[in-house]
Amino acid sequence: MKIELLSLDEIDPCQLAIHANDPLVNRYLKNSFPFPYTLDHAMRFITHSLEHNALDFGIVVDGICIGCVGATFHKDVFIKNCEIGYWIGVPYWGMGLIPEAVRKRVVKMFCDYLFSHFTITKIYAEIYSENIASCHVLEANGFQKEGYLKKHVYKNNNYHDLIIYGLREEEYEY
């Protein structure tokens, strides 16, 4: 199995749209991630990301774009931190160790890249508490729970708790 993180100008937007257009993918993402997700949404996302030099990559497994991973760099007193987020298409869930290995490898590759190319000291992620799979992936990559925010997210007419995970560069194993 070949896992790559490719620039968005190297991925197939149709594959991106197909995997993004699922309510199960959408349920743990911000409302800025549309559903239904169309080819037009994929094209606009790719264009916007490339034009603004955003740090977004396609997750490509054996030549198929199955999701995205990205980082958001913050300003002011948070300048040494960055937030990561990712999603993977539903057909790649629930297949035993294969999707977990993909997620672990993607997070590891991305953290390696971030710590070696940017002057940051911490990577963090905000995860819905019910998203157990993402919690496990982050923990397997050395992230530690740093906070728990009750009813912090309001999505689809429901409140959700949020767990904050952090990974400090001084504790990271390359």
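Which residue takes a positive phi in the hairpin of E6 and E7? Asn156 does, with a phi near 50°. Two residues lie between the strands of that hairpin. One thing to keep in mind: this is a predicted model.

Let's stay with the sheet. Strand E6 covers residues 144-155. Eight bridges join E6 to E7, and the two run antiparallel. Take Tyr148: its bridge partner in E7 is Ile163. Strand E7, residues 158-168, also pairs with strand E5, residues 122-128. Seven bridges join E5 and E7, again antiparallel. Here Lys122 stands opposite Arg168 in E7. A general point on strands: in a regular one, side chains alternate between the two faces of the sheet.

Next, helix H1, residues 13-20. Look at its start. Asp12 caps the N-terminal end, with a side-chain oxygen 2.8 Å from the backbone nitrogen of Cys14. Which residues of H1 are buried? They are Pro13, Leu16, Ala17, His19 and Ala20. What covers them? The cover includes helices H2 (23-26) and H3 (39-51). It also includes strands E3 (64-73) and E4 (81-88).

Last stop, Asp56, in strand E2, residues 55-61. Asp56 is buried, yet has no salt bridge. How far away is the nearest side chain of opposite charge? That is Lys30, at 11 Å. A salt bridge would need the atoms within 4 Å. What Asp56 does have is a polar contact, side chain to side chain, with Ser49, at 2.8 Å. Beyond its neighbours within four places in sequence, Asp56 is in contact with residues including Leu8, Phe45 and Val69.

How values were computed
Residues numbered from 1 in each chain as written. Predicted model: local features only at pLDDT ≥ 70, side-chain atom pairs only at ≥ 80, totals over all residues. Heavy atoms only, no water. Helix = DSSP H or I, 4+ residues; strand = E, 2+ residues; numbered from the N terminus. Buried < 20%, exposed > 50% of the residue type's maximum accessible area, 1.4 Å probe, protein only. Lys, Arg positive; Asp, Glu negative; His and termini not counted. Polar contact = N/O pair within 3.5 Å; in protein donor to acceptor, adjacent residues only side chain to side chain. Contact = heavy atoms within 4.5 Å. Pairing = 2+ DSSP bridges.
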